[in-house]
Amino acid sequence: MASTTRKRFRNLVPGAFLVVLFFGAAIVSFFYTPFDVETLNIKQRMLTPNAVNWLGTDHFGRDILSMLMVGARTSLAVAFIAVGIGLLFGVPLGLMAASYRGGWIDEFIMRGNDLVFAFPALVIAIMITAVFGPGAVNAIIAIGIFNIPVFARLTRGASLSLWNREFIMAARVAGKNSARISIEHILPNITNLLIVQGTIQFSLGILAEAGLSYVGLGAQPPTPSWGRMLADSQTLTTIAPHLALFPGMVIVLTVLGLNLLGDGLRDWLDPRLRRER
Amino acid sequence: MPLLTLTDVTVSIHGTPILKNLNTSLEAGQVMGVIGESGSGKSMTALAIMGLLPTGSTLTGRIQFDNLTLNELDEAARCTVCGDDIGMVFQEPMTALNPVHTIGQQVIECIRLHQSVSAKEAKAMAMDTLTRCGLPPDQFPLSRYPHELSGGQRQRVVIAMAVALKPKLLIADEPTTALDVTTQAEILDLLRSLQQENHMALMLISHDLAVVAGMADHVVIMKDGEIVEQGPIVPVFKELKHPYTQSLFKASDHVPEQLSVSERASARDRSVTDDASALLEVTNLVCEYPIARRGWFGKAGKFRAVDDVSFTVRAGESVGLVGESGCGKSTLTRAILGLMSAASGRIEVNGQNINEGISVLRHVQVVFQDPYGSFNPRHKVSRLVAEPLNVLDTQPTREQRHQQVTQMLESVGLHASDADKYIHEFSGGQRQRIAIARALIIRPALIVLDEAVSALDVSVRATVLDLLASLAASHGLAYLFISHDLSVVRNVTDRVLVMRAGKIVEQGNTLDVFNNPSHEYTQKLVASVPRLPDYTHASVNSF
Amino acid sequence: MLFYLFKRITSLIATLVVASLVVFTVIEVVPGDPASYMLGMNASEDTVQALKTELGLNQGRIPRYFGWVSGMLRGDFGTSYTYRTPVADMVSERLMVSLPLALSALTLAIVLAFPAGLLAASRRGGAVDSIVMAITQLGVAIPNFWFAMWLVLLFAIKWQWFSAGGFPGWDIGFWGGMKALTLPAIALALPQASILARVLRSSLLDVLNEDYVRTARAKGLTRRQALWRHALRNAMIPVLTIIGLQFSFLLAGAIIIENVFFLPGLGRLIFQSIAQRDLIVVESVIMLLVFAVVLVTFLVDIAYAWVDPRMRRGH
């Protein structure tokens, strides 16, 4: 039994650890960072990791660890709110489509979904940020829009199979209407799926935010961001590879953590898998 | 020497014992019936013989087939035996065939895997086998895909694959359970004739005593992974030495303590309706489904699932509705529950149209087939049982709600403390009791039982039928008992409706209809039901 | 089958029409007038008006929309505001970079993913499976532009096997051009290969639990034979979906990688055009990309029908 329990938590524990670690760093950064990230210190630039600056300093002499901590705020906030937008709009749309399955409302919502999917996401994101100005808020909107059809489609698909289940028919025979059934019966039964997909979209959001700020369309200076730290380091990789190493690793570990957490939650929440083990 | 011998076969999966010390044997050309309820290990026995146990299983003991010890063969050696000398037929024909290969490809694959014949010869053999199995190539070309065939036809393809190479042993695991009763009779005939033609040993696994009784020379009765009794069929079925065999026999033809219609009607609260003649009245009902347009100029057609159906259910009466899959009984059920609207015709409950708002649902509730799918797994039993209270105009207080739930649970034989549990903590039979409690809580006059006991094992089914009978007496309930299982309908209903292709072809008093069916279809249906022979007078040495 | 095709083509055209309306409307509301943008802050009102007339910006919206759409149907995508050259020429020049890049990245991803996915699924729970799962888990998490930076550092700067960026053009020969695209293609392919391998593995594992795989094994097929003959084709539906999505992504989404390697691809064209308010280029390129996505979806639909006979019935 011990080995099966360990197997169950194989992904969950390291995933949760990484996610908590980076969220923690972001929160701590509001109260404390080893150095101030807005103070430039040219004399101390491009130091390799040492006892004072644990992860070294960048080309302006700013402490990399401090910048990564503050940068975590932007990355996590942008991706988190973008997932929120996807859930907020996508889930009700998906529930509605499923409750009017086969009708014109369903058709309309699903065609709208296909339409959004037909647009190249990154290009639209770049257009939005370029047109309305670069910045964290526009990055959120740009990433969030493409989360909506993802959640709408997932919700509809999962709900459709539930609508054929006998407990839904029993609720209808108890006189409950579609909206009430969607909230009381459908939603609680797809929450697991939404949580798992949420962590996946979260990790994709982190990658997208990093990409946008890498090309200069994310959060603007002086706010540090992981993507722009990478962009700044690009021309310096030969002389100071650690400038590119640490921000990249932080992105990888955050995304990895979220993916592990997602897999772990799926295994943990799925009663079918639980019974198997 | 027997063809197949099991010696001390024990199987466990991840340490949990599934089969315990099985010892049995089967002679060449003989038919062995394996009987057991769900969880008895009968399917696992078949998989153990085939070497297809799930990963994580360990097997000890010996499975001897001819001169081979099957459980000691490696994968390559197993593959030369399976499909050639041993064939297998599974329960679920709808999923047993690969959807992306034609039926021809699938039968030919089986032949070419074990015999080095040319593609042409293999094709000829496949056509020959399919013809023997009732699918002549002029009507069912080899290029057909599984989804173009019905369940019974698919099962014939599965059988063709299993018998293509004339195996010495055919294992059939619940081969007809998923099929309609008339199809079941045809498939059993096919199996019997193939077995006799090829002098093949057959291991027929079934939960249905009557199916086995009609086929087997020898029976094995299993319970909880053990063989409780075995031997030639007549002595075993006649003497009923083992108490478990006895209880199976009793339960499989269970007749609940019947009350006459008038007794039940008098028990009923007369204030609900004075006119006992029409509790549910269905008049010229037509239900249609749109069907997808086919081809360039195809019209968006309609499929008429229920075609001009009229009948009544009187207060306190128990009415059966029987028919095979696709006859329209599910659609009719949905219409009666107000879950789909009719194209024309009327459904009235207590004189009120079913689609006239939710108040009419106070008089009709339902119990569904699937004990696992009928409940929201995330709600507690108290909330599940109380759900129909929603149709009342004034919602009861929390206190009243609690009291009613407790009362209902107790009236179906459960405990008040069960209200705080989740549904996964209950067995299939207990779940059906909870479903009955849910249906009963608003004191309806009619409960629609939609295949309500079909998924239950015979012994559990008997207790649920008893419960239904006693509730009918105490609450004066009327039942609309929808089922494909004719023997159950025969035992528990007063009147019966026979449905086919959307129409009611015959209706009348249950015993009259079953004993003297007038419609040709009813006659066929009744004749197809496998029946347990009367063993009381059989001679033990009859074969 | 014909009817199935017909239905798919109808929905393809409908999507394109709606998409063109959306693109046109969005570009209309974008703040920033191209004419004043091109002429700079100090231009007089008259010059701006003159340029507007020349560019056709003074026409009503409806004629402009139809002019744009009918132009595209004839292969005329208009003239760039900034460079005064036909958009079609600019786009085709960029496509000569983006298309080979996307195709080679996708090919690479498929070539890497299939053996990995098949191996992992056929040896579920074994060492190979664990290694494949660990590598792909990492591959999914690595941002491709970061990976690209290390590729440049290692292969271009340290070992000098490839150039660090830029594109010499196809004039120097096919292999010369491909060489310049090798590092970007690898950078793009790694995460895609990881995703594809994981999807293939999980889809195969699902299918291996199906009843018909058990039937196949009862016929006397070995585990591996059942995987190849019965599971693989059935497992292809989600895999095809992902391949389709990936091709669309690679065509347009290489923007960031193009930045890392200074490649003159479609992505950079859009990027520059947006910055310069060269909206006619933006409009046309986006429409072209939408067309590509819809076309790929259509091809994937046809592939579904080829894989699974149940889909041929026009639903």
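Reader: Leaving aside its neighbours within four places in sequence, which residues is I286(C) in contact with?

Author: Good place to start, and keep in mind that this is a predicted model. I286(C) belongs to the largest nonpolar core and, together with I206(A) and L204(C), touches the most other members. Apart from neighbours within four places in sequence, its contacts lie in chains A and C: F119(A), V123(A), I124(A), M127(A) and V23(C).

Reader: Which helix gives the largest share of this core?

Author: The core has 172 residues. Of these, 19 come from one element, residues 279-307 of chain C, and that is helix 14.

Reader: Where is E258(C), and which side chain of opposite charge is nearest to E258(C)?

Author: E258(C) sits in helix 12 of chain C, residues 255-261. Its side chain has a polar atom 3.1 Å from the backbone nitrogen of G267(C). A salt bridge needs the charged atoms within 4 Å. E258(C) is buried without such a bridge, and the nearest opposite charge, 5.4 Å away, is on R268(C).

Reader: How many salt bridges does the rule find across the interface of chain B and chain C?

Author: Let's look at the contact itself, to which chain B brings 34 residues and chain C 26 residues. About 2700 Å² is buried between the two chains, with carbon and sulfur atoms giving 60%. One salt bridge joins E109(B) to R229(C), with the closest N and O atoms 3.2 Å apart. Across the interface of chain B and chain C, the number of salt bridges found is 3.

Key: Residues numbered from 1 in each chain as written. Chains lettered and ligands numbered in written order. Predicted model: local features only at pLDDT ≥ 70, side-chain atom pairs only at ≥ 80, totals over all residues. Heavy atoms only, no water. Core = buried A, V, L, I, M, F, W, Y, C linked by side-chain atoms within 4.5 Å. Buried < 20%, exposed > 50% of the residue type's maximum accessible area, 1.4 Å probe, protein only. Helix = DSSP H or I, 4+ residues; strand = E, 2+ residues; numbered from the N terminus. Contact = heavy atoms within 4.5 Å. Lys, Arg positive; Asp, Glu negative; His and termini not counted. Polar contact = N/O pair within 3.5 Å; in protein donor to acceptor, adjacent residues only side chain to side chain. Buried area = accessible area lost by both parts, 1.4 Å probe.
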